[in-house]
Amino acid sequence: MKVKNKIIKLIFISFVAIFPFFLSNYSDNVTPEKITSDLRFYEINTCSISIGEFLINNLNVSYQDHYRIVANDYSSIKCFGTITGIDQINHVFYISVGTNPIITFFIQSIFWLLIMSLIKKTNNVKITYKNSLILFMSSFFITLSIFVESRFYEKKLYFFDLTLYRSYFYFFIFMLTITFFQYFILESRKKVLIYYVPFMFIFMQVYSGFNLYFLTLYLTTLGITKLVESNNIRKIISLFFPIVFIWSYAALGDNYYLDPDKIRGSISTIYNFLSVSYSSFTFLFISLGIFKLFSNSERKIDLSLIGKNILISTNIILILGYLSSSQPFFNFFNYLFFGLTKYGTRSQEYFSYNEWGEKLAWRGHFPSAETIGEFSALGILILFFLFIDSFKNKKPNLNYLIFAPLALFSLYLSNNRSAFVMLIICILLKINNILTLNKMIKIIVLIFTFIFISSIVNLENLTYSINSSSQKIMNDAILYGLDYNYSSTVEYLLDLQNNNLSFPAILMFLGQVSFLINRSEIWAIFMARYNPTTSEFLIGTGPQQLSNLYSEINIFEYKLYSGFPIGFLLPHSSFIILFIYFGLIGLALIFIWWIYRIYQGRKYNYDLFLVNVFILINLAKSDSVLYLPALTLFLIFILNNKKEFNY
Amino acid sequence: MISMNFLNLKVYLSNQIVEQFCGLKPVNFEPVDIASDPNFVFENDPNFSAVNLYDAENNTVIVNSYLECKHYVEGGWNFIPNVLNEVDLHNGLLFISLFSLLSGVIYFYRKNYES
């Protein structure tokens, strides 16, 4: 019976994925023509031909790489799944498909809920007045995001007047419907949900046309539940209100906008009083939600299961990335049904190098090559722990070893050298921990490791004078600044330079680190933009707020050394992101809390300690906190402690 | 005299309609006699925001320059689509959502009662 149910669900999942893209008026006399440079037919017959019908008649579009199938969010419901236009730019054809955000919201939700319903139930959930009220509250709260970010949504939601309350009533009911079913489906599987978090790297689950993750609905509901249930948390949270007020007050009168691009769902698109208040509470509910998601797991957390799921995910991501890069149809399909923030890469240059002989990173399915590199390395690291421990316990476990080659290949393609180096260091530390090696062997291993790491990292960087390499970041920051619009950071640096004062030791140290890990230019760009007031420097601008950083100060628009446009370049450090959000005090508190957690892990579980060290070091030079899948997974590892952890 | 005024009025109204659909005439706009050139190809104007035009049968076309827009509008592509349709579809979705929600609540209440 259960197998039959699963088959029915799988058929229904396929139906949800395929059927909407074959909807069109088949009784009219419009039949798709072969695509050529003469596009008059498709200019006249917009919204008349479904993409399915079109692909049947133009099969080459689905696999030839000079075609791009792109989602057109700002389109009518009637145009959903149909061709809304075709453009030719040089030799590339852009086939635009109507993906009305409201219809997509329902289709994506149903698709993901059906997939999640394949997970075995662990408990029953009852409908009560309390949880009904919480669902109302969370739906209302999420609906507010459309109001707060109306500048973003007015370009996405076709024919909704965002100045009318009536429109928000519609959104509220739509949100409530999905939140309701999502709550009951996920809550009845809550004890095992955290093991499925690695699959979020495959299914990012960001709604097309929305600045919203599917999981945000559930985490917000859990967060509000936690707040309602716990007296202690309510008391602690009361300390949060004055900080929210200071953050919001600082944004009073500002109205900076940021196109979220690949970090859609994780940031606020606008910086003003209302959005800062809203995103602060979003952050609060999501954090509490992740905490509750973690505490919902009844059994002790099984690292081996999470590790195996990470490995399986890396393999699937690699295959999906390949399909996405080579087949326009998969590129579009993956974007929509896996809820990606950005289309999978179309680059098929897996082994390419730039003019300076550096390997080009290949991101594949996921929007960030760096994050997927960390994810792959983490899977290999956990696999290694399991492998070693199974031999130690004389029960060799070779299962899942089959997934290791593709995970390693994925790490290679991502060109995340720091993840690779940290992987080697953590493996050596683990070997050192379980084997009692004599000093001589340790020294030999250390020398070989150093030589090996040197061959990966650009060791020629050490040949520059320490003064010039340390100052590079500051000098670059000054060069990126525009003299009519310097940021307060650049003004401070210029002040030091003009008065012949030496740069402070902390900046010199940061400069040296950034130079060695190849971050000096990117962090210099951040410094050229960073224009904090004293309060912003100390307590930040509030969570999810990057709009002011990117809009307040104009900087030189081209890279100093390559001449390429800068575009939307992230700071490439999660610590910098946390520093922008929470300021120096917030970052220090996060560090203290995290290091305390790591210390606990070291005392009781060495593997957990190594995993946390791996994450900590890698976050220093990656933007992973800006992706909800990575943030959730890493928080699960951080939140673990001795009592709850076992494998 | 009367026919001359009528002609002016007709031109004025036609310009008003073009302006309604295509926006204000660009400063450097030069009219082209498209009818005399059977091989005429419209060029995209990067400064012009693409406009969707509709004919009487609700067919739609996207125009990418003021000249193209003017040509289509004057050729009869000057119908405003049945906007009620979109609102009707929103209402339909609202109804389906409320129905699903109510069914879900009843289903889970019954499950509560049974257990």
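1. Asn518(A) is found in the loop between helix H20 (505–516) and helix H21 (520–529) of chain A. Helices here are DSSP runs of H or I with at least four residues, strands are E runs of at least two, and both are numbered from the N terminus. The phi of Asn518(A) is near 60°, a positive value in a residue other than glycine. Most residues other than glycine have a negative phi. Asn518(A) is partly exposed, with 16 other C-beta atoms within 10 Å. The scale: buried means 20 or more other C-beta atoms within 10 Å of a residue's own, exposed means 12 or fewer, and partly exposed is in between, with C-beta atoms placed from the backbone.

2. On provenance: this is a predicted model, in which local features need pLDDT of at least 70, side-chain atom pairs count only at pLDDT 80 or more, and totals for chains, interfaces and linings use all residues. Residues are numbered from 1 along each chain as its sequence is written, while chains are lettered from A and ligands numbered from 1 in the order in which they are written.

3. Cys47(A) also deserves a look. It is not a glycine, yet its phi is positive, about 65°. Cys47(A) sits in the loop between helix H2 (40–44) and helix H3 (51–57) of chain A. Cys47(A) counts as buried because it has 22 C-beta neighbours inside 10 Å.

4. Next, a helix pair. The axes of H7 (residues 165–187) and H8 (residues 214–229), both of chain A, come within 10 Å and cross at roughly 75°. Axes are lines fitted to C-alpha atoms, for helices over the stretch in contact, and angles run from 0 to 180 degrees between N-to-C directions. H7(A) contributes Ile178(A), Thr179(A), Gln182(A), Tyr183(A) and Leu186(A) to the contact, and H8(A) contributes Leu217(A), Tyr218(A) and Thr221(A). Contact means C-beta atoms, placed from the backbone, within 7 Å. The residues of this contact divide into 5 nonpolar, 3 polar and no charged. Ala, Val, Leu, Ile, Met, Phe, Trp, Tyr, Cys and Pro count as nonpolar, Asp, Glu, Lys and Arg as charged, and the others, Gly among them, as polar.

5. H8(A) is mostly covered, with 13 of its 16 residues buried. Its length agrees with expectation: at 1.5 Å a residue, the 16 residues should span 22 Å, and the end C-alpha atoms are 24 Å apart. The expected span is 1.5 Å times one less than the number of residues.

6. What touches the most other members of the largest nonpolar core? Of its 146 residues, Ala377(A), Leu381(A), Ala477(A) and Met527(A) do. A core is a set of buried Ala, Val, Leu, Ile, Met, Phe, Trp, Tyr and Cys residues joined through C-beta atoms within 7 Å. Helix H14 (residues 369–392) of chain A gives the largest share of this core, 11 residues. Leu381(A) touches Leu423(A), Cys426(A), Val611(A) and Phe614(A), not counting residues up to four places away in sequence. Another core, of 9 residues, lies apart; among them are Val18(B), Cys22(B), Leu53(B) and Val63(B).

7. Finally, the interface. 20 residues of chain B are in contact with 21 residues of chain A. On the chain B side, strand S2 (60–63) and helix H3 (84–114) are the elements that give two or more residues. H3(B) supplies the largest share, 15 residues. By class, the chain B side has 10 nonpolar, 9 polar and 1 charged residues.

Notes:
Contact = placed C-beta atoms within 7 Å.
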